[in-house]
Amino acid sequence: MSLGQLREAAAGLGLPRYAAGQMASWLYRRGCTDITAMTDLSKAAREALASSYRLGLEAPRSVAVSRDGTKKYLYRTADGHYVESAYIPDGDRATLCVSSQAGCRMGCRFCMTGRQGLRGQLTSGDILNQMASLPERGRLTNMVYMGMGEPLDNPDQVLRSLEILTAEWGYGWSPTRITVSTAGVVPGLRRLLDESRVHVAVSLHNPFPEQRAEIMPVERAFSVRDVVSLLRRYDFGGQRRVSFEYIVLAGMNDSPAHVKELARLLDGLKCRINLIRFHKIPGSPYFSPDDRRMEAFRNALSRKGIVTTVRASRGEDIQAACGLLSTKQMEEAGDEA
Ligand SMILES: C[S@@+](CC[C@H](N)C(=O)[O-])C[C@H]1O[C@@H](n2cnc3c(N)ncnc32)[C@H](O)[C@@H]1O
Ligand code: SF4
């Protein structure tokens, strides 16, 4: 709950307004795991709260550990769906990749989560629980909304989770430690840009609208050209950054024509491109080029003046492609819903 919601809850139980600030402090600053332990609230207030509300903390149900230290956790949401979070330690950084929906309705052809279709929206509580109940929570330095689902197809809950994460009364994280990734849902993106200060990542994957639409149906509703036009209206010269994710698919989006069109599309926008290796999913016709071709593509983009990096693949041995683990869980449970 946001501070405003906590105030409403307090009012509903006849508690003083300042009780909301006390609750926020217990919940987010002190990591309280039991309402009865909120000792600066009266005993009657704690009892009233405990009979009407729950903290929503839910430990992960399982974990897969990679040789490289990456851990993939499976969480159960309040509605009974299974979603994945990846904990990715890297030197003095540790990033948590969180899910924002159970499944996804964007239908990207290369994505395992897309195959599930949309099964349910996560609440801000479900989103934040992935961080709050993480065994390695104390080591986290960054959070990315790059797990299952399209965050901007669930904008109210995602924005509320960001507010709670970054507010003074909340977890107090700097927005510069948080990145929200989107396939380019324009109305939600506008809200994210206006209502938060977090970094933005856009899944681009092809600069030609027709070709992009073949692997990302969302292109037909919101063209990447409109996404870039929107981004041009915001300032990325200061603390806030925008980046473009680009899964390099051999023979599909890695030609000199793609380099040229990317340079044209992003001309003058302060941004970077992250090249990603394709994580194999069952029955998919795509594959990544070898390292030499990947580097050649990166160098060609760099020569056009676009800051381009190749993202290290992590957790290859634990079904890194997001959606594989939860799909397996669904199949084992015989859950076709
Ligand atoms: C799972 S999505 C979640 C965030 C948002 N829905 C989006 O598409 O940006 C996070 C990133 O993973 C990428 N991705 C999806 N399936 C992948 C795969 N099989 N291999 C590599 N990257 C993949 C997406 O393109 C996107 O850049
Ligand atoms: S890549 Fe992102 S938007 Fe596309 S189906 Fe997967 S989760 Fe959804």
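Tutor: The shell around ligand 2 divides by class into five nonpolar residues, five polar residues and one charged residue. Please keep in mind that this is a predicted model. The members of this shell are Cys-104, Met-106, Gly-107, Cys-108, Cys-111, Thr-113, Gly-114, Gly-149, Glu-150, Ala-183 and Ser-203.

Ligand 1 has 17 residues around it, and those that come nearest are Cys-111, Ser-181, Ser-203, Glu-245 and His-279. Two elements, β8 (178-182) and β10 (242-248), each give two or more residues to this shell. By class, the shell around ligand 1 holds 10 nonpolar, five polar and two charged residues.

Ser-203 leads us to strand β9, which spans residues 199-203. This strand is mostly covered, with five of its five residues buried. In a regular strand, the side chains alternate between the two faces of the sheet. In β9, His-199, Ala-201 and Ser-203 lie on one side, while Val-200 and Val-202 lie on the other. The residues on both sides are buried, and both faces of the strand are therefore covered; a residue counts as buried when 20 or more other C-beta atoms lie within 10 Å of its own.

Let us turn to the neighbours of β9. Strand β8 pairs with β9 in the parallel sense over four bridges. Within this pairing, Ser-181 has Ala-201 of β9 as its bridge partner. Between the two strands, the chain passes from β8 through helix α7 (residues 186-195) to β9, and this β-α-β crossover is right-handed. Strand β10 also pairs with β9, again in the parallel sense and over four bridges. Here Ala-201 stands opposite Ser-243 of β10.

Beyond the strand, His-205 deserves attention. His-205 belongs to the loop between β9 and α8 (209-215). The phi angle of His-205 is near 65 degrees, which is a positive value in a residue other than glycine. Is His-205 buried or exposed? His-205 is buried, because 24 other C-beta atoms lie within 10 Å, and the cut-off for a buried residue is 20 or more.

A further buried region is found in helix α13 (residues 324-332), where Leu-324, Leu-325, Ser-326 and Thr-327 are buried. The buried residues of α13 pack against β1 (62-65), β2 (71-76), β3 (82-90) and α4 (112-116).

Technical notes. Residues are numbered from 1 along each chain as its sequence is written. Chains are lettered from A and ligands numbered from 1 in the order in which they are written. This is a predicted model: local features need pLDDT of at least 70, side-chain atom pairs count only at pLDDT 80 or more; totals for chains, interfaces and linings use all residues. A residue is near a molecule or strand if its C-beta atom, placed from the backbone, lies within 6 Å of it. Ala, Val, Leu, Ile, Met, Phe, Trp, Tyr, Cys and Pro count as nonpolar, Asp, Glu, Lys and Arg as charged, and the others, Gly among them, as polar. A residue is buried if 20 or more other C-beta atoms lie within 10 Å of its own, exposed if 12 or fewer, and partly exposed in between; C-beta atoms are placed from the backbone. Two strands pair if DSSP finds at least two bridges between them. A crossover is right-handed if, with the strands pointing away from the viewer, the path from the first strand over the helix to the second runs clockwise. Two residues are in contact if their C-beta atoms, placed from the backbone, lie within 7 Å.
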